[in-house]
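My plan is to look things up one at a time and write down what I find.

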Amino acid sequence: MALSGFLGAIVYSFLIGLVWHDRSECDLPSFIVSLALKSLWISWLVVVFSLITGAGNLLIPIALILIVASIWHDRNHNTHKLEINWLHIALIAGVFALSLKIFSYSFWGFYIPVFDVGDGIVSWNRWAAELSENRYFPVDAAYPVLFPGIWSLIYKAQGSHSLWMFAEFSLWIIPLILCASVMMIMRANLLAGAAAAVFVLYFFFELLGRNMFNGAMDAPVAAMMFTAALAMILSANASDQDERQELYEGRLLQAALAVGLASTVKQAGAMLIPVFLIWLVLLYWQEKVEGRRTLFMILITLLPGALFMLIFLMNEFHPLGHFEYLRGLADSSSGDDSKLANSFSLLLDACGPVLLSVLALCAISNLFRLQTSVARLGLALLISAIAGFLLFADCCSYSVRNGWWVVALLAASAIAGVMAISGNAIRIGAAMAVPVRLTQVHMVLAAATLAATASVGLTLPDDRLAEIQANSEIRFMPQAALIRRNFQRLKNTGLVLSRDQRLGFVSGTAGRHAFTFNLTHFVGKGPVGFFDACGTHDHPAPYSDEAVRTLAEILECRPGSLLLVGSPQDLSLLRKAHPAILFKQIDADKNWMLLEAQLSAG
């Protein structure tokens with residue numbers, strides 16, 4: 001399981017892009033960004049193909065295609081060289097080292113190698129589990145599922161969706177893309193690159209930290225939108241500097257890939273689509289991009305989102321999902337304040353007045369250099385950030401995490417402003433560059449992948465993986481330990497009943513949990529959907545009122561079921577709601593109490 005899971009994570013998040021070759025990748029940072037974005041884009045196509053056709057594990061045929069494609073490319077394009085600039089390598093290593101130092105304070109002490117937040121587990125990872133079985137029940141939430149789709153491919157490769165470690169590991173492609181993108185900016189303009197590095201280190205690594213990997217998509221969509229904006233800025237800079245056409249179009253391709261991917265990470269990512277398409281059309285009118293290439297870029301941008309809407313609408317839900325419900329949450333969370341005031345306060349508290357003020361000033365500086373493409377694009381990004389803030393205030397300001405992408409767009413506009421103002425003041429040239437054949441790069445990637453996969457396979461047997469998964473779950477959900485030490489009491493038919501939906505997805509209780517909002521009615525919910533607690537586990541389905549059961553019904557059809565309550569108040573409410581049921585506490589841990597329940601004889 002470890003070998004196939006780790007190899008799946010590497011292939012689907014980074015290596016599968018090798019089948020898509022273009023000659024615009026001229027240096028190491030650009031190669032990394034292009035390869036990662038292409039891999040995610042192609043993997044999404046594999047996800048949709050698997051769901052529609054019912055395909056199983058495709059890792060072996062895809063690995064064979066990768067090998068054949070690499071051999072063919074190396075034989076037919078062996079003159080293509082990649083510049084390995086040792087200064088770039090030193091800078092990437094430095095950024096990573098600094099990020100690890102920052103993480104050591106705000107991240108590593110809390111790092112858990114599995115998903116650990118409610119939305120990440122019961123929504124995003126549930127969709128991944130469903131997709132791994134070629135089923136998809138989005139309920140009425142129109143959330144795109146790029147990363148859950150990639151996790152589903154990993155689950156197929158490892159043969160189980162009960163182990164989350166390698167799915168979580170696939171998210172590490174995001175900081176790699178961010179760091180390489182920063183290096184690309186730094187190569188074009190050292191001052192703008194330094195500003196980008198400071199922002200990435202502070203905002204994404206220090207402030208967001210664990211949120212990049214906890215299974216929710218709020219931080220990843222902000223990171224992908226930031227990456228897309230940086231690629232657009234690089235294309236504008238290439239236009240201003242009259243860079244060679246091959247390099248110029250390569251930057252546009254990276255932007256198209258990143259914008260398309262951002263729109264399938266979460267809905268907010270679609271905010272960049274009109275900006276990029278307008279920018280692309282303007283370049284076509286200026287005869288900087290030919291017509292066929294423009295249409296190709298448009299296809300690359302729109303196809304991922306279109307494929308998501310295809311599989312979402314197959315379930316006959318409204319394309320806007322539960323937008324009105326989210327607006328209601330925003331209304332209630334704003335209290336007596338206006339939505340705008342509440343939203344601004346949330347972002348101010350999260351990021352601090354200094355960061356937001358500096359970003360705003362740098363973004364406004366685009367107005368002073370509108371004769372450059374970079375500044376015009378920076379202004380467009382600033383307008384998008386303002387429009388995004390208004391949208392955040394209207395629908396999603398019940399939590400600051402829904403507004404992180406607004407800060408990312410503002411930062412991208414600020415970096416464009418710094419680049420436009422500073423011009424060509426400092427650029428990192430190719431003095432330290434060493435040309436390396438792409439064939440050699442392929443050989444290094446293959447050797448590193450084989451070595452890492454073999455190491456993981458030898459050092460992490462299945463029982464060790466299961467132990468890591470279980471121990472990690474207890475770290476973020478201590479009540480799971482209470483269940484496990486009493487698991488034998490469930491016998492063969494019993495369920496765990498509680499308010500905590502996450503219990504239906506963790507080791508031991510996956511598929512053996514029914515949750516409740518009101519302590520009176522319960523519905524089964526597990527890794528692949530809702531189920532009738534008194535029915536069968538084999539055919540989970542979208543939520544239905546017909547699947548809801550009373551506590552008395554469950555105790556009758558599921559003897560041995562246990563109730564988990566998190567407070568004395570819940571216990572009091574439970575007894576008041578069910579006077580005909582006898583409750584007995586059998587174990588406790590802090591505020592958590594595990595109860596046996598029995599219908600009274602009367």
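**Entry 1: a ring cluster**

Which residues do ring pairs link into a cluster? I looked, and the cluster is made of Phe 199, Phe 203, Phe 204 and Phe 226. Before going on, I note for myself that this is a predicted model.

**Entry 2: the whole chain**

I stepped back to see the protein chain as a whole. I read off 23 helices and ten strands as its secondary structure. The protein chain has 602 residues, and 57% of them count as buried. Its exposed surface comes to about 24200 Å², with carbon and sulfur atoms supplying 64% of that area.

I also looked at contacts between residues at least 6 apart in sequence, and 74% of these join residues at least 24 apart.

**Entry 3: aromatic pairs**

How many aromatic pairs does the count come to? I got 17 aromatic pairs. I picked Trp 20 and Trp 41 to look at in detail. Their ring centres are 5.6 Å apart and their planes stand at 65 degrees; edge-to-face needs an angle over 60 degrees, so this pair is edge-to-face.

Where do Trp 20 and Trp 41 sit in the chain? I found Trp 20 in the loop between helix H1 (2–15) and helix H2 (28–53), while Trp 41 is in helix H2. The two are 21 residues apart, and the pair links distant parts of the chain. I checked their cover too: both Trp 20 and Trp 41 are buried.

Phe 203 and Phe 204 form an edge-to-face pair, with 5.1 Å from centre to centre and 80 degrees between the planes.

**Entry 4: disulfides**

How many disulfides does a search of the whole structure find? I wrote down two.

One of them joins Cys 395 and Cys 396, with the sulfur atoms 2.1 Å apart. The torsion about their S-S bond is about -60 degrees, so I call this disulfide left-handed. Cys 395 and Cys 396 are both buried.

Another disulfide joins Cys 534 to Cys 557, at 1.9 Å from S to S. This link is left-handed as well, with -70 degrees about the S-S bond. Which parts of the chain does the pair tie together? I traced Cys 534 to the loop between strand E6 (529–531) and strand E7 (549–550), and Cys 557 to helix H22 (residues 551–557). The pair therefore ties together parts that are 23 residues apart in sequence.

Cys 534 is partly exposed, with a relative accessible area of 25%. Cys 557 is partly exposed too, at 32%.

What is the pairing when the bonded cysteines are numbered in sequence order? My note reads 1-2, 3-4.

I finished with Cys 351 and Cys 362. Cys 351 has a relative accessible area of 5% and is buried. Cys 362 is at 23% relative accessibility and counts as partly exposed.

Key: Residues are numbered from 1 along each chain as its sequence is written. This is a predicted model: local features need pLDDT of at least 70, side-chain atom pairs count only at pLDDT 80 or more; totals for chains, interfaces and linings use all residues. Side-chain values use heavy atoms; hydrogens and water are left out. Rings of Phe, Tyr and Trp (its six-membered ring) pair if their centres lie within 6.5 Å; planes under 30 degrees apart count as stacked, over 60 as edge-to-face and the rest as tilted. Helices (H or I, at least four residues) and strands (E, at least two) are DSSP runs, numbered from the N terminus. Buried means under 20% relative accessible area, exposed over 50%, partly exposed in between (1.4 Å probe, protein chains only). Contact means heavy atoms within 4.5 Å. Accessible areas come from the Shrake-Rupley method with a 1.4 Å probe; for residues, only the protein chains shown count as cover. A disulfide is a pair of cysteine sulfur atoms within 2.5 Å.
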